[in-house]
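Thanks for asking me to look this one over.

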Amino acid sequence: MYVNVTCTCISCRAWICGNLSENPATAYYWYADYRYIVETAQSGSMQLLDLMNIPVSIVLGIALGALVGFALAWFFETSYSHQNLVRNSMKVIIVLGTAFLLLAIEDWLEGIIAVSGLLAIMSMAMVLAMRSVPEVTGRLQAKYGKLWLAAEVILFVLVGAAVDIRYTLKAGPGAVWMILIGLVFRCAGVWLCMMGTKLNQKERLYCMIAYLPKATVQAAIGSVPLAMGLSCGNIVLSVAVLSILITAPLGAVGMDLSYKKLLRVTVHTALSREVFSCCKHENPEAYSAK
């Protein structure tokens, strides 16, 4: 889940955006491992060797993705050097198609060798970003952001259509308390992660507030147990939707009400001044002199 934070502290904004970008990626990977264990257990053939496939899939997934990322970067650079320009729209299609291919490879190799398609996609994107010119990477990110505008609508509409409100009401206060307790531990984890940073106490508190909203991961994988035929499928989906309804407005309102009190502008380097001027251009009201 990427949160667009109106943040007057450059280092605080970078910490929030960077970590929120990695958080769902980690969740998706552990979801894939959980699904693999559940499906293996349901088949009745669970063995210790099956658990060893998890670290193997991590290593092979990263290696495969890195190799594909280098190959794509080489292809784009070679095309450019030979004056065969590849339009950014075509690059988006190629990278997206390659990502689907990596997921298909995971299915093709099932039962032969374990490979994580999700990790391969992330590794491919990281290598491609490192090997590409920053301007090209920025334009590709902008185009994928436009695709997400339509994809998120489809995602949340499908999740909402699958929810049975009766199970949500049946969960009752217990589900609400479970979500709130989870947020407490989440805030504690965020606080621990920032212990080695230069952020002050107010900025750390703001980062904790910014970490409250949860939506994309819950919407994407909340319905998986139901699709797998598990008896807990309906209640899992209902609690996932309930967590979105609680945490999304809680975090959004909290950030809007607290950023002026908890954050301040500090500019030290030329790079910071450049980022600051960019942020000021995006939201001039937040940077008006007092």
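1. A word on terms to begin with: helices (H or I, at least four residues) and strands (E, at least two) are DSSP runs, numbered from the N terminus. This is a predicted model, where local features need pLDDT of at least 70, side-chain atom pairs count only at pLDDT 80 or more, and totals for chains, interfaces and linings use all residues. Residues are numbered from 1 along each chain as its sequence is written, and side-chain values use heavy atoms, with hydrogens and water left out.

2. The overall picture: the protein chain has 11 helices and 0 strands. Of its 290 residues, 37% are buried, where buried means under 20% relative accessible area, exposed over 50%, and partly exposed in between (1.4 Å probe, protein chains only). Contact means heavy atoms within 4.5 Å; among contacts between residues at least 6 apart in sequence, 73% join residues at least 24 apart.

3. Now to helix α6 (residues 165-193), where you will find W177. W177 is exposed, at 57% relative accessible area. Together with L180, I181, V184 and F185, W177 makes a nonpolar surface patch of about 560 Å². Patches are made of residues with over 30% relative accessible area and no salt bridge, with like charges joined within 9 Å and nonpolar side chains (Val, Leu, Ile, Met, Phe, Trp, Tyr) within 5 Å. The areas come from the Shrake-Rupley method with a 1.4 Å probe, and for residues only the protein chains shown count as cover. As background, an α-helix has 3.6 residues a turn, so residues three or four places apart point the same way.

4. Helix α7 (residues 201-210) holds R204. In α7, 7 of the 10 residues are buried, among them Y206, C207 and M208. At the N-terminal end, N200 caps α7, with a side-chain oxygen 3.2 Å from the backbone nitrogen of K202.

5. Please take a look at R204, which is buried yet has no salt bridge (a side-chain nitrogen of Lys or Arg within 4 Å of a carboxyl oxygen of Asp or Glu). The nearest side chain of opposite charge, E203, is 7.1 Å away; Lys and Arg count as positive and Asp and Glu as negative, while His and the chain ends are not counted. What does R204 touch, not counting residues up to four places away in sequence? The list is W191, M194, M195, T197 and L199.

6. Lastly, L147 sits in helix α5 (residues 134-162) and is partly exposed, at 44% relative accessibility.

How values were computed: A polar contact is a pair of N or O atoms within 3.5 Å; within protein, one must be able to donate a hydrogen and the other to accept it, and residues adjacent in sequence count only if both atoms are side-chain atoms.
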